[in-house]
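The headings follow its pockets, its cavities, its fold and its confidence scores.

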Amino acid sequence: MKEQCIPKPTREKWLEIADGFLKNANYPHCLGAIDGKHIRVIKPQHSGSLYFNYKHFFSIQLLAMCDANYCFTFVDIGDYGKNSDSSIFTNSHFYKNLSSTKLDLPNPDFLPQKNDYKILYVIVGDEAFGLSFNVMRPYGGKNLTLKKRIHNYRLTRARRYIECTFGILSNKWRIFHRPLNVSIDFAVDIVKACTVLHNFVRVLDGYKHEDALSVQGFYDANVAKTGACSARSATAIRDYFADYFMNTDILPWQNSCIM
């Protein structure tokens, strides 16, 4: 059932996902929104502090990516609660395949209304993820320029889809509203089953809008500096997106939303 509900995307599917983010979130060339959440568990026996996270409870981690229809396209489940989003991501099979170009991603192409540079397709995440060729994150720091604030707003519009997806998941399967009092292996199986069933039900029955507004029982994974440095070319890609949102693909309301 996993292969049916969370299949490995083909190039055509990636393009369909990107089209969804363009239409629904006004973010071009976006292949998904990624984030991690802590799932509470009862302390496993003889585990020491491995599952004890920075929020001072025991957990396993769910790292996931979704499309603009609130369906999961990738999940990584069961890492220690003490680990950070960035370390889980860089150690995942998805990241290794992404880095080795084994995901059959679309070729770089022009952004809509532009024909000067062909831009890579990207994944959007929060500040927990390192900036790289295929992963865009917000500009950090205070006193950002207008262009950078607009970029962060536009990226957040796309990234919110993973937050809403987690909300739908946790409010549909309310076992996540309390700590899982089972073995770690069983807890991982529960989360796997729920993510697969989430996609199945999402396609079959849709979702309740109010479920997407809050995430019950899940907690943000901790932020840690990733070992990968932001390459100049990755920074240039983000700057290109920022210029594009500032000067070409202008949303009528974007300036008022960041003031």
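## The second largest pocket

Which residues lie nearest the centre of the second largest pocket? They are Gln4, Cys5, Pro7, Asn199 and Val203, out of 14 residues in the lining. A pocket here is an open set of points on a 1 Å grid over the protein atoms alone, with protein on both sides within 12 Å along at least five of seven lines, and lining residues have an atom within 4 Å of a point. The space in the second largest pocket is about 290 Å³, where a volume is the space filled by probe spheres set on the points, and grid points are joined across faces, edges and corners.

Helix α6 gives the most to this lining, with three residues. At least two residues each come from α1 (2–5), α2 (11–25), β3 and α6. The lining of the second largest pocket has eight nonpolar, four polar and two charged residues. In this classing, Ala, Val, Leu, Ile, Met, Phe, Trp, Tyr, Cys and Pro are nonpolar, Asp, Glu, Lys and Arg are charged, and the others, Gly among them, are polar.

## Basis of the model

The model is predicted: local features need pLDDT of at least 70, side-chain atom pairs count only at pLDDT 80 or more, and totals for chains, interfaces and linings use all residues. Residues are numbered from 1 along each chain as its sequence is written, and side-chain values use heavy atoms, with hydrogens and water left out.

## Fold and surface

The chain has eight helices and six strands. Read from the N terminus, the order is α-α-β-β-β-α-α-β-β-α-α-β-α-α. Helices (H or I, at least four residues) and strands (E, at least two) are DSSP runs, numbered from the N terminus.

Of the 259 residues in the chain, 51% are buried; buried means under 20% relative accessible area, exposed over 50%, and partly exposed in between (1.4 Å probe, protein chains only). The chain exposes about 12900 Å², with 52% of that area supplied by carbon and sulfur atoms. Accessible areas come from the Shrake-Rupley method with a 1.4 Å probe, and for residues only the protein chains shown count as cover. Among contacts between residues at least 6 apart in sequence, 73% join residues at least 24 apart, a contact being heavy atoms within 4.5 Å.

## The largest pocket

The largest pocket has a volume of about 460 Å³. Its lining has 16 residues, and Lys2, Phe74, Val75, His93 and Phe94 are the closest to its centre. Strand β3 (72–80) and helix α4 (93–99) each supply at least two residues of this lining, and β3 gives the most, with five. By class, the lining of the largest pocket has nine nonpolar, three polar and four charged residues.

## Cavities

The structure holds two cavities of 30 Å³ or more; a cavity is a set of grid points where a 1.4 Å probe fits but cannot get out. The second largest cavity has about 30 Å³ of space. Its lining consists of Trp14, Leu31, Met65, Phe94, Leu98, Leu105, Tyr121, Ile123 and Asn134. Eight of these residues are nonpolar, one is polar and none is charged.

## Val188 in helix α6

Val188 lies in helix α6, residues 184–205. Is Val188 buried or exposed? Val188 is buried, because its relative accessible area is 12%. Beyond its neighbours within four places in sequence, Val188 is in contact with Ile60, Ile77 and Gly78. Val188 and Asp79 are 109 residues apart in sequence, yet their C-alpha atoms are 9.3 Å apart in space.

## Positive phi in two loops

Most residues other than glycine have a negative phi. His46, which is not a glycine, has a positive phi of about 60°. His46 is in the loop between β1 (30–40) and β2 (59–66) and is exposed, with a relative accessible area of 82%.

Gln113 also has a positive phi, near 70°. Gln113 is in the loop between α4 and β4 (122–124). Gln113 is exposed, since its relative accessible area is 64%.

## Confidence

The chain averages a pLDDT of 87, and 89% of the residues score at least 70; pLDDT is the predictor's confidence in each residue, from 0 to 100. Among the elements, α2 has the highest mean pLDDT (96) and strand β6 (residues 218–220) the lowest (63). Over residues 223–231 pLDDT stays under 50, and the model has twelve contacts beyond four places in sequence for them.
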